[in-house]
Amino acid sequence: MNITVSAITADFTAEIYDVDLTQRVPDDDFAAIANAFWKYSVLIFPDQDITQQQQLAFAERFGLIERERTLDPKATPSRFDGAFSDISNLTADGKIWAADSRQRMYKAGNKLWHTDSSFKYLPALTSLLHARTTVPIGGHTEFADQRGAYDALTDKQKKEFDGLIVEHWIATSRRRSGFHDFNEDEKKRLPPVPQMLVRTIPQNQRKSLYVASHAGRIFGMPDDEGRALIDHLLDHVTQRQFVYTHRWRANELVMWDNRCTMHRGTDYDDLRYVRDMRRVTVSDIANTCDQADVARPAALQAA
Ligand code: OGA
Ligand code: MN
């Protein structure tokens, strides 16, 4: 085993050295990386001058790649299709986006605390984000540890939250960030989905909260009460002691566990500087209700 794991805290976020992602990672090194990932939930790989093919090849070793687009490519063309999400501020032809572009309005939602694809019936396991070009001021990515936040709940809260099911919907987070104009195709493809409020991570048996700005209602609770509880939990999870702020350097790859973290992008002057970031996301194995073997709420049986 050749890799070096340099932890940021005892169990959240680590840097990985002595690995070359331009090459196929040997199986024992890959196993060590995977073990570090289950333990730390966020891994940083500095100095990885990789191609998109190499990024994808590494991601594929964690599972099936998410390929369906959230936005209709006809309404919002992108530099990439298939496996890659464009997390940059560039249009399909590589120019900085316009102030009033649909792409920019939609991506503003990434500045809210969220976890990728919790609004999809089959949510995400991990996202791997590679920075090609970074900006001189701002444009950080912050990560919050939902396992640590779960551990810090009172026993009474842990009991109350056990088995609760939450509605996640892309329209909920976008309403909050001021994006309202999903077209008919997007509305049809992105209905609300159920997810467990508390989940267990199979690889380490740790329990985790699973909230995000995509979360709107809690089933079996009046809407305003559910909303208030979700807002309270978003505040709880994102307290300073659970948060790591990543300040990007070019050619870094960062991967995070979408099952038990949240993240958000911080502001930068996106009409002035190019921030070129490319993401590949790996799907989880099943919806969180199915993983917990809990029946989906009747209101969403048809979803
Ligand atoms: C993402 C994301 C935030 C950022 O890549 O999924 O939300 O820092 N990124 O751009
Ligand atoms: Mn994201």
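The dialogue below covers the ligand site, then the pockets, then the cavity.

Mentor: Ground rules. This is a predicted model, where local features need pLDDT of at least 70, side-chain atom pairs count only at pLDDT 80 or more, and totals for chains, interfaces and linings use all residues. Residues are numbered from 1 along each chain as its sequence is written, chains are lettered from A and ligands numbered from 1 in the order in which they are written, and side-chain values use heavy atoms, with hydrogens and water left out.

Trainee: Which residues surround ligand 1?

Mentor: A residue is near a molecule if one of its heavy atoms lies within 4 Å of it. The shell includes Ile 87, Asp 116, Leu 129, Trp 256 and Arg 279. By class, the shell has 3 nonpolar, 6 polar and 3 charged residues. Ala, Val, Leu, Ile, Met, Phe, Trp, Tyr, Cys and Pro count as nonpolar; Asp, Glu, Lys and Arg as charged; the others, Gly among them, as polar.

Trainee: Which side chains make polar contacts with ligand 1?

Mentor: A polar contact is a pair of N or O atoms within 3.5 Å. Thr 141 has a side-chain N or O atom 2.6 Å from a ligand 1 oxygen. For Arg 275 the distance to a ligand oxygen is 2.8 Å. For His 263 it is 3.1 Å. The protein covers 97% of the 290 Å² of accessible area that ligand 1 has on its own (Shrake-Rupley, 1.4 Å probe).

Trainee: Where does ligand 1 sit?

Mentor: Rolling a probe the size of a water molecule over the atoms shows where empty space is left. On a 1 Å grid over the protein atoms alone, a pocket is an open set with protein on both sides within 12 Å along at least five of seven lines; in a cavity, a 1.4 Å probe fits but cannot get out; lining residues have an atom within 4 Å of a point. Ligand 1 takes the space of the largest pocket (more than half of its atoms lie within 2 Å of the grid points). That pocket holds about 380 Å³, a volume being the space filled by probe spheres set on the points, joined across faces, edges and corners. Its lining has 23 residues; Lys 107, Asn 110, Lys 111, Tyr 268 and Arg 275 lie nearest the centre.

Trainee: How many cavities of 30 Å³ or more are there?

Mentor: The search finds 1. The lining counts 30 residues, with Thr 70, Ser 85, Tyr 106, Lys 107 and Arg 279 nearest the centre.

Terms used
A polar contact is a pair of N or O atoms within 3.5 Å; within protein, one must be able to donate a hydrogen and the other to accept it, and residues adjacent in sequence count only if both atoms are side-chain atoms.
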